[in-house]
Amino acid sequence: MDPLLASAIFVFGLAFGSFLNVCIYRLPRGLSVVAPRSACPQCQHPIAFYDNLPVLSWLILGGRCRHCKARITPRYLLIELLTGALFLACYVFFGLTLSTLKYCVFSFLLLGLIFTDAETKLLPDRMTLPGFALGVIFSLLVPVNDLASQFLPGMVNLPFASDVTARLLSLLDSLLGAALGASFIYGAGAIYLRWRGMEGMGFGDVKLMAMVGAFLGMKLTIFTIFTASLAGSMFGLTTVFVVWLKRTHRFMRRLATAAAARRRGWRSAQMVYRYYQMPFGVFLGSMALVAFFLGNQFLRWYGTLWYRRLW
């Protein structure tokens, strides 16, 4: 790894993180990310270029607007640092290759969607749909899980056919991954709607998984869905438990016995969870980030573990 190049990629990531903050704020509101120039949300004073430097400006200004002294959320600083760190991680994992470019683009989109969903419970089409198209295009440039060597090992030795076959199989894996991810989330949402009589997942999650599948292919799409479901379930159970403890403590002051307070607190926690809109895109996006860095290593380890148990 070239330290100078690594530093340049990190700074490049900080700049893209600054732009990502604009996207997260404006896209859910239907605003242009190009014009007008950035301004303070409180006093609407345009932000000068020297106050718009990634990380440095936030630190120098102490997280406040230069003019009205309104507090600027640390989320801006966090996203810039995370984007820079992800760009650097892509370079460390994949080297100076097209894979690094592919996964820098992917991590940029995922990070934007994760924070947008967390803040607004929306997944803008202006990120998911171009992301899906980019994932399909990249599948022709960077092999998706190298399906050519898995299914047609004899053909990879042919100088021309191997390249064409690898690209076509990579494209096929990308499209099948997108179809698998989108259809699974759509099906889960339809089942939840019939079962509970209320919407569990929106079309934003469907489009997000189409984008994830296009970038990652079938194998890592399954990994993403499985791990995101586990993470979401753990979050939901933890939320119910925390709400139950808080409500039980509150009802202890009103009810005669602790058992009655616990029962009342449990019913209250169930009601809160029933109507709580979980931003599932946060978990899907987070696990997709894990998938392209560590997914294949985990699947190889898991496969080896099962092979040893069988034999």
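This is a predicted model: local features need pLDDT of at least 70, side-chain atom pairs count only at pLDDT 80 or more; totals for chains, interfaces and linings use all residues.

Residues are numbered from 1 along each chain as its sequence is written, and side-chain values use heavy atoms, with hydrogens and water left out.

Start with a cartoon view: you'll find 10 helices and zero strands (DSSP runs, H or I of at least four residues for helices, E of at least two for strands, numbered from the N terminus). Of the chain's 311 residues, 39% are buried (under 20% relative accessible area; exposed is over 50%, partly exposed in between, with a 1.4 Å probe and protein chains only).

Next, select Phe106, Leu110, Leu216 and Phe292, the residues with the most contacts (heavy atoms within 4.5 Å) inside the largest nonpolar core, which has 53 residues. Such a core joins buried Ala, Val, Leu, Ile, Met, Phe, Trp, Tyr and Cys residues through side-chain atoms within 4.5 Å. Helix α8 gives the most to this core, 13 residues. Zoom in on Phe106: among its contacts are Met211, Phe215 and Ala288.

Now for the two salt bridges (a side-chain nitrogen of Lys or Arg within 4 Å of a carboxyl oxygen of Asp or Glu). Pick Arg75 and Glu119, whose closest N and O atoms are 2.8 Å apart. Arg75 sits in α3 and Glu119 in α4, 44 residues apart. Arg75 is buried at 11% relative accessibility, while Glu119 is partly exposed at 44%.

Last stop: Asp125 and Lys207, with their closest N and O atoms 3.0 Å apart. Asp125 lies in α5 and Lys207 in α8, so the pair ties together parts 82 residues apart in sequence.

Notes:
Lists of a residue's contacts leave out its neighbours within four places in sequence.
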